Amino acid sequence: MRNLPGDGDVTGRDGYGRGVPSDPLNSVNRSAVEVRRSARRRRTVSAYREGGRTIVLIPARMSAAEEDRWVGVMLDKLAAQESRRRLGDGELEERAARLSTRYLEGRARPSSVRWVTNQNTRWGSCTPAEGSIRLSHRLQGMPGYVVDYVLLHELAHLLVPGHGARFWRLLECYPRTERARGFLEGVASAARLPHLAEGERDADRGE
């Protein structure tokens, strides 16, 4: 599966972020962003945290629209790296409990929530009879709101097995549902490019 810009550092090249939606209204995150243009940069974009600010370095030739798109991509990438460093199975269970309380009135009570490495065609799965939820390890490199969406998706399946209207009504209360779905669809689309070995199925495959 192809990753987003820079797997180990936060550096990407033109085209890596295609299909990954940014959120131009995300003023909470972007209010502390400083964009620095450099004539020496040809194609690379990088970002890092500096105190309470996020510094994004881009080529001087970039248009305003390209700058806006790349700021969104790099903010998501930084958030993903930070999420990956701090989320273990214990934190995942705590996160699931908070999501259930906030969005499902605490009705979804999983017996276990854990990362697994054997899910290559789905982001998450659950077994309602056992109350167990499993998330693919591939989510560990994604933004927190995406992990929350997949967790909430599986929590909702503990209450409603299928993907009917009743199921989707449960997810309407999560404000980043569409953004998270768009992010996952972008990752899945990138993975289906002809030169890639592994394809991904639709983001909502996983019951």
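1. Basis of the model. The model is predicted: local features need pLDDT of at least 70, side-chain atom pairs count only at pLDDT 80 or more, and totals for chains, interfaces and linings use all residues. Residues are numbered from 1 along each chain as its sequence is written, and side-chain values use heavy atoms, with hydrogens and water left out.

2. Secondary structure. The protein has six helices and seven strands. Helices (H or I, at least four residues) and strands (E, at least two) are DSSP runs, numbered from the N terminus. Read from the N terminus on, the order of the elements is β-α-β-β-β-α-α-β-β-β-α-α-α.

3. Burial and surface. Of the 207 residues, 47% count as buried. Buried means under 20% relative accessible area, exposed over 50%, and partly exposed in between (1.4 Å probe, protein chains only). The protein exposes about 10400 Å², and carbon and sulfur atoms supply 47% of that area. Accessible areas come from the Shrake-Rupley method with a 1.4 Å probe; for residues, only the protein chains shown count as cover.

4. Contacts along the chain. Among contacts between residues at least 6 apart in sequence, 57% join residues at least 24 apart. Contact here means heavy atoms within 4.5 Å.

5. Salt bridges in total. The whole structure contains eight salt bridges, each defined as a side-chain nitrogen of Lys or Arg within 4 Å of a carboxyl oxygen of Asp or Glu. Glu34, Arg36, Glu50 and Arg53 are linked in a network of such bridges.

6. Arg37 and Glu67. These two residues form a salt bridge whose closest N and O atoms are 2.8 Å apart. Arg37 belongs to strand S2 (residues 33-38) and Glu67 to helix H2 (residues 64-86), so the pair ties together parts that are 30 residues apart in sequence. Arg37 is partly exposed, at a relative accessible area of 38%, and Glu67 is also partly exposed, at 22%.

7. Arg95 and Asp148. A salt bridge joins the side chains of Arg95 and Asp148 (2.4 Å, N to O). The pair links distant parts of the chain, 53 residues apart: Arg95 is in helix H3 (residues 89-103) and Asp148 in helix H4 (residues 144-159). Both Arg95 and Asp148 are buried.

8. The second largest pocket. Arg95 and Asp148 are also among the residues that line the second largest pocket, which has a volume of about 190 Å³. On a 1 Å grid over the protein atoms alone, a pocket is an open set of points where a 1.4 Å probe fits, with protein on both sides within 12 Å along at least five of seven lines; lining residues have an atom within 4 Å of a point. Grid points are joined across faces, edges and corners, and a volume is the space filled by probe spheres set on the points. Helix H3 gives the largest share of the lining, five residues. By class, the lining has five nonpolar, no polar and five charged residues. Ala, Val, Leu, Ile, Met, Phe, Trp, Tyr, Cys and Pro count as nonpolar, Asp, Glu, Lys and Arg as charged, and the others, Gly among them, as polar.

9. Ser100 and its surroundings. Ser100 lies in helix H3 and is buried, with a relative accessible area of 2%. Leaving aside neighbours within four places in sequence, Ser100 is in contact with Glu105, Gly106, Arg107, Ala108 and Leu155. Glu105 and Arg107 meet in a salt bridge through their side chains (3.8 Å, N to O). Glu105 is exposed, at a relative accessible area of 68%, whereas Arg107 is partly exposed, at 45%.
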